[in-house]
Amino acid sequence: MAEQKSKLVSMTFLKPWNRYAKGDRAGFEPERAKQLEDRKIAIPTTKAKEASKPANGQTAGQKGEAKGTEGADKT
């Protein structure tokens, strides 16, 4: 009676595709998710989260810049 649904794969878009913009997330059937990843349009959200983690023990926002100097003259 009830239709069994397959599990969706959450994908994060790397560039615009159809109605989705870069950075959007959406769920797709595993076959479609694989196609999007192969075409470098989107990657699984779990991989996107891993890729966005800062490297070398830096916390988010640390880039070697002094804080509070936005708009200051740099001479």
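Here is a short walk through the structure, stop by stop.

Before you click, note that this is a predicted model, where local features need pLDDT of at least 70, side-chain atom pairs count only at pLDDT 80 or more, and totals for chains, interfaces and linings use all residues. Residues are numbered from 1 along each chain as its sequence is written, and side-chain values use heavy atoms, with hydrogens and water left out.

Start with the whole chain in cartoon view. You'll find 2 helices and 3 strands, in the order β-β-α-β-α along the sequence. Helices (H or I, at least four residues) and strands (E, at least two) are DSSP runs, numbered from the N terminus. Of the 75 residues, 19% are buried; that means under 20% relative accessible area, with exposed over 50% and partly exposed in between (1.4 Å probe, protein chains only).

Next, select β1 and β2. They run antiparallel, joined by 4 bridges; strands pair if DSSP finds at least two bridges between them. Pick methionine 11 and look across: its bridge partner in β2 is alanine 26.

Stay on β2 and show side chains.

Now for two loop stops. Most residues other than glycine have a negative phi. Select asparagine 18, in the loop between β1 (9-13) and β2 (25-28): its phi is positive, about 50°, and it is exposed at 68% relative accessible area. Then hop to lysine 40, between α1 (30-38) and β3 (42-44). Lysine 40 also has a positive phi, about 60°, and is exposed, with 61% relative accessibility.
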